[in-house]
Amino acid sequence: MRGKKVAKTKPDPLALRIDKLLWYLRFAGNRTMAKKLANKGHVRLNGRRVDRAHLMVRQGDILTIPQGREVHVIRIAILPLRRGSAPDAQSCFERLRTGE
């Protein structure tokens with residue numbers, strides 16, 4: 001019995017999975033927590049509710065991320081290559097002001 005052939009796709013270097021991005025930018029303590037945050041539908045990507053951790057985020061996208069009593073609205077300036085220090089993570093996005 002032969003197995004099914006699976007088409008291998010190359011990852012897009014201009015995009016990053018949302019769960020990985022949340023972990024890289026330190027909005028989640030580990031990848032599992034980031035995946036749960038994305039799957040529960042609490043995060044918004046460009047105003048649309050996210051319910052899948054595999055959605056791809058690109059430079060210039062806007063994320064709305066709840067954390068405790070705060071809601072962070074950020075624009076992705078550059079995609080990080082890895083999880084680095086907090087200052088490195090903060091240099092990858094800019095905070096947007098919400099209605100005051």
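Predicted model: local features only at pLDDT ≥ 70, side-chain atom pairs only at ≥ 80, totals over all residues.
## Overall architecture

The secondary structure of the chain consists of 3 helices and 7 strands. Taken in sequence order, these elements follow the pattern β-α-α-β-β-β-β-β-α-β.

Of the 100 residues in the chain, 32% count as buried. The accessible surface amounts to about 7500 Å², and carbon and sulfur atoms contribute 50% of that area. Among contacts with a sequence separation of 6 or more, 41% involve residues 24 or more positions apart.

## Salt bridges around Asp19

Side chains of opposite charge can pair when their charged atoms come close. The structure holds 3 salt bridges, and Asp19 takes part in a salt bridge with Arg17 at an N to O distance of 3.0 Å. Asp19 is buried, since its relative accessible area is 1% and the limit for a buried residue is under 20%. Arg17, by contrast, has a relative accessibility of 28% and therefore counts as partly exposed.

Asp19 also meets Arg31 in a salt bridge, with an N to O distance of 3.4 Å. Because Asp19 lies in helix 1 and Arg31 in helix 2, this pair ties together parts that are 12 residues apart in sequence. Arg31 is partly exposed, with a relative accessible area of 33%.

## The bridge between strands 6 and 7

A further salt bridge joins Arg75 and Glu94, whose closest N and O atoms are 3.7 Å apart. Arg75 belongs to strand 6 and Glu94 to strand 7, so the pair links parts separated by 19 residues in sequence. Both partners fall in the partly exposed class: Arg75 has a relative accessibility of 30%, and Glu94 has one of 38%.

Asp61 is located in the loop between strand 4 (56-58) and strand 5 (62-67). What is the nearest side chain of opposite charge to Asp61, and how far away is it? It is that of Arg58, at 5.6 Å. A salt bridge requires the nitrogen and the carboxyl oxygen to be within 4 Å, and Asp61, although buried, has no salt bridge.

Leaving aside residues up to four places away in sequence, Asp61 touches Leu45, Asn46, Met56, Ile74, Arg75 and Ile76. One of these neighbours, Arg75, is the residue that forms the salt bridge with Glu94.

## Aromatic pairs

How many aromatic pairs does a search of the whole structure find? The search returns 2. Trp23 and Tyr24 form a tilted pair, with 5.7 Å between the ring centres and 40° between the planes. Trp23 counts as partly exposed at 25% relative accessibility, whereas Tyr24 counts as buried at 10%.

The rings of Phe27 and Phe93 have centres 5.6 Å apart and planes at 45°, so this pair is tilted as well. Phe27 lies in the loop between helix 1 (18-24) and helix 2 (31-39), and Phe93 in strand 7 (residues 93-95), so the pair ties together parts 66 residues apart in sequence. Both residues are buried: Phe27 has a relative accessible area of 9% and Phe93 one of 8%.

## Gly84

Gly84 occupies the loop between strand 6 (70-76) and helix 3 (86-90). Is this residue buried or exposed? Gly84 counts as buried because its relative accessibility is 12%, and the buried class covers values under 20%. The C-alpha atom of Gly84 is separated by 8.2 Å from that of Leu25, although the two residues are 59 residues apart along the chain.

Terms used
Residues numbered from 1 in each chain as written. Heavy atoms only, no water. Helix = DSSP H or I, 4+ residues; strand = E, 2+ residues; numbered from the N terminus. Buried < 20%, exposed > 50% of the residue type's maximum accessible area, 1.4 Å probe, protein only. Lys, Arg positive; Asp, Glu negative; His and termini not counted. Contact = heavy atoms within 4.5 Å. Phe/Tyr/Trp six-rings, centres within 6.5 Å; stacked < 30°, edge-to-face > 60°. Areas by Shrake-Rupley, 256 points an atom, 1.4 Å probe, with all protein chains shown as cover.
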